[in-house]
Amino acid sequence: KKFRWYIFFFLLFLLNKPLFAQFTTPEQTIVSGIYTFIINTEWKNENTFKTFTIGVLERDSSFYKQCVEKYEEISLKNSPVKIQLYKSVNDVGYCQVLYVNKKFNKNISEIAEKIKGNNTLLITNTCKNNRVTMINYNNILKKKEFEINDENIKQAGLKLSSRFFDFAEDKISWQELYMQSASSLEKEIE
């Protein structure tokens, strides 16, 4: 009888392996979330994009590689996507979205000054400087994984969709917003 229980649990584990694969790291959550932010943001200059550049500021390239894997073969805002790795603040160039690794949070004012006037959506990770953040992931395990600073977004020449405000007012959940975006991404990939 004991042997049957071992077999039962072993089979249960094997059959549910795809369920375990659905759990993601905080980095993977942010990589996936970037698409949600992009399709729910309007750039005042988006009709001039030749490429849609997602910049990644980090010293190693793990987040960058995940972005390349997820986005480089699709189009965003009617433009092909390019993922650009920046290893230092001085390297940061023109891009529509800039993700800043938390190791660069101490340089966030300098980074914000560098992208000022470029219509760049700034995405940070656990940054405490609310004067310059736009979208800031605060703690992946919390109900609201990120904070939105709409005033800074507007100053950058960007506009968030009403769905973000529905989310902020708890009218829809992050999962609903994400699922709508994920569905759109699947269509884009096809």
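Helices and strands are DSSP runs, numbered from the N terminus. In this predicted model, N78 is found in the loop between strand β3 (75-76) and strand β4 (79-86). The protein chain as a whole has eight helices and nine strands.

**Confidence in the model**

- The pLDDT of the protein chain averages 79, and 70% of the residues score at least 70.
- Confidence is highest in strand β5 (residues 97-100), with a mean of 98, and lowest in helix α2 (residues 17-21), with a mean of 40.
- Over residues 1-23 the pLDDT is below 50. Beyond near neighbours in sequence, this stretch has one contact in the model.
- Where pLDDT is low, the predicted coordinates should not be read in detail.

**Overall build**

- The protein chain has 190 residues, and 42% of them count as buried.
- Contacts between residues at least 6 apart in sequence can be sorted by their separation: 58% of them join residues at least 24 apart.
- The accessible surface of the protein chain is about 11,400 Å², and carbon and sulfur atoms account for 54% of that surface.

**Aromatic rings**

- Across the whole structure, a search finds six aromatic pairs.
- One of these pairs is formed by F37 and Y137, whose ring centres are 6.0 Å apart. Their planes stand at 75°, and an angle over 60 degrees counts as edge-to-face, so the pair is edge-to-face.
- F37 belongs to helix α3 (residues 26-39) and Y137 to strand β7 (residues 135-137), so this pair ties together parts that are 100 residues apart in sequence.
- Are F37 and Y137 buried or exposed? F37 is buried, with a relative accessible area of 0%, and Y137 also counts as buried, at 1% relative accessibility.
- W43 and F49 form another edge-to-face aromatic pair, with 6.3 Å from centre to centre and 75° between the planes. Both of these residues are buried.
- Ring pairs link W43 and F49 with F52 into a cluster.

- N78 is not a glycine, yet N78 has a positive phi of about 60°.
- N78 counts as exposed because its relative accessibility is 81%, and exposed means over 50%.
- N119 is not a glycine either, and its phi is positive at about 55°.
- Where does N119 lie? N119 lies in the loop between helix α5 (108-115) and strand β6 (121-125).
- N119 counts as buried because its relative accessibility is 11%, and buried means under 20%.
- Both asparagines are thus in loops, but N78 is exposed whereas N119 is buried.

**Cysteines**

- How many disulfides are there? The count comes to zero disulfides, where a disulfide would need a pair of cysteine sulfur atoms within 2.5 Å.
- C95 is buried, with a relative accessible area of 0%.
- C127 is buried as well, with a relative accessible area of 6%.

Note on methods:
Residues numbered from 1 in each chain as written. Predicted model: local features only at pLDDT ≥ 70, side-chain atom pairs only at ≥ 80, totals over all residues. Heavy atoms only, no water. pLDDT = per-residue confidence, 0-100. Helix = DSSP H or I, 4+ residues; strand = E, 2+ residues; numbered from the N terminus. Contact = heavy atoms within 4.5 Å. Buried < 20%, exposed > 50% of the residue type's maximum accessible area, 1.4 Å probe, protein only. Areas by Shrake-Rupley, 256 points an atom, 1.4 Å probe, with all protein chains shown as cover. Phe/Tyr/Trp six-rings, centres within 6.5 Å; stacked < 30°, edge-to-face > 60°.
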